[in-house]
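Load the model in your viewer and keep the selection panel at hand. The stops below are given in the order in which to select them.

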Amino acid sequence: MGVGSALPEHVVTNDMLSGFLDTSDEWITTRTGIKERRVVTTETLAELSATAAKRALAMAGIEAAQLSYILCATTSADYAIPSLACQVQQMLGASCPAMDVNAACTGFLYALDMADALFARDPNARVLVIGAEAMSRLVEWNDRSTAVLFGDGAGALVLGPGSDLKSMLVTAAGDPDPLYARHANGNSPYAVKRERAPLRMDGHAVYRFAVPTIVRDVSAAIARAGMTEDDIDAVLLHQANLRIVDAAAQRLNIPRDKFKTNIQSRGNTSAASIPILMDELQREGHLPQGSVLALAAFGGGLTTGACVLAWGVS
Ligand code: ACO
């Protein structure tokens, strides 16, 4: 019914990073496609999420009071308690149940899957699904292998009754080693001391995992929808790395120009990347109502998700 997004004001270019990291615009651009990203300074993730949600609600033409549920996909909320979703609920003046979903970069697809289940219970529901991340809080800013990859932001969708979701699949293969960020265990006198670990990633392992699973999941989602590659108008992949998008496009029987990207200016915003991309495409007029979209994501867990949907926003 509606889509919205919000980004922090502060733009961090590759050249700004090379001011304090042993890196270069040339390395980052050729390895990832990223030229710049947004990073939170004074903004909270709840503020960005609420702004994205208000834009989506305005486009949907409904009030926050009409929402049946709020699901926030995030790994980097402002608080451990309460959930980001409860912060957003308060800021919107909504009164519905609200909770967070953590499936790392696949979180937005997982939240859509949960929303689908809510519609099975109440076909007239109105569900707000948000993907929001402040990855700048999780990365180690001295680690050039991860600090250059990520960005912050929020995207939101308002979902209403209908049959636009054509297929959905999500997977998990529990394995923390390739990609993790670990909490410290506080000052419990009983626990063996465990330090916080900022985001660590085995880039090669993630790359090797990402490309075949995107191809597998997109193909399966299209088949489950009873469609073929020719029926797909646009492919919105999790914006992790332009080379991953290119490699997946080469292996799928879908023209490269149908693969939409904004990683060049947004970086990898984890669970927020697909809804931010959706909003930008919608506002630039690139998603006509009725377009058939294939979405796919992968991330820590390891998790993956893909779906096919008909774009309902006019
Ligand atoms: N600037 C300059 N040099 C760098 C940087 C940097 N920012 N980072 C690493 N290097 C160096 C390395 O130290 C290494 O140097 P060495 O050869 O002297 O040891 C060299 O560059 C090559 O490093 P590689 O890791 O082999 O670089 P690669 O070409 O594989 O690119 C990358 C790294 C971009 C991370 C790639 O592996 C990748 O895209 N992996 C997928 C990761 C990903 O998409 N993660 C996000 C998805 S998961 C999620 O969204 C939560």
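Predicted model: local features only at pLDDT ≥ 70, side-chain atom pairs only at ≥ 80, totals over all residues.

**Stop 1: the ligand**

Select the ligand and the residues around it. How many residues surround the ligand? There are 22, and the closest are T23, R31, C105, H238 and N241. Now show the side chains and look at individual atom pairs. Start with T23: an N or O atom of its side chain is 2.6 Å from a nitrogen atom of the ligand. Go on to N268, where an N or O atom in the side chain is 2.7 Å from an oxygen atom of the ligand. Then pick R243, which has a side-chain N or O atom 3.4 Å from an oxygen atom of the ligand.

**Stop 2: helices α7 and α8**

R243 is also one of the α8 residues in the contact with α7. Select residues 203-224 for α7 and residues 242-251 for α8. The two axes come within 9 Å and cross at roughly 40°. Which residues make the contact? On α7, colour Y207, A210, V211, I214 and V215. On α8, colour R243, I244, A247, A248 and R251. Sorted by class, the contact has 8 nonpolar and 2 charged residues, with no polar ones.

**Stop 3: helices α3 and α4**

Next, select residues 45-60 for α3 and residues 84-92 for α4. Their axes are 9 Å apart, and the helices pack at an angle of about 55°. The two are therefore oblique to each other. Is the crossing left-handed or right-handed? For α3 and α4 it is right-handed. From α3, show L45, A46, E47, S49, A50, A53, K54 and L57. They meet L84, Q87, V88, M91 and L92 of α4. This contact divides into 9 nonpolar, 2 polar and 2 charged residues.

**Stop 4: backbone details**

Switch to a backbone display. Select I81 and P82, which are joined by a cis peptide bond with omega of about 0°. P82 sits in the loop between β4 (69-73) and α4, the helix shown at the previous stop.

Then move to G301 and L302. The peptide bond between them is cis, and omega is about 0°. L302 is in the loop that runs between β13 (292-299) and β14 (303-310).

To return to the ligand, select C105, one of the closest residues to it.

Notes: Residues numbered from 1 in each chain as written. Heavy atoms only, no water. Axes fitted to C-alpha atoms, helices over the stretch in contact; angles between N-to-C directions. Helix = DSSP H or I, 4+ residues; strand = E, 2+ residues; numbered from the N terminus. Contact = heavy atoms within 4.5 Å. Nonpolar A, V, L, I, M, F, W, Y, C, P; charged D, E, K, R; others polar. Near = heavy atom within 4 Å. Polar contact = N/O pair within 3.5 Å; in protein donor to acceptor, adjacent residues only side chain to side chain. Parallel < 35°, antiparallel > 145°, perpendicular 65-115°, else oblique. Left-handed = near helix turned anticlockwise from the far one by under 90°.
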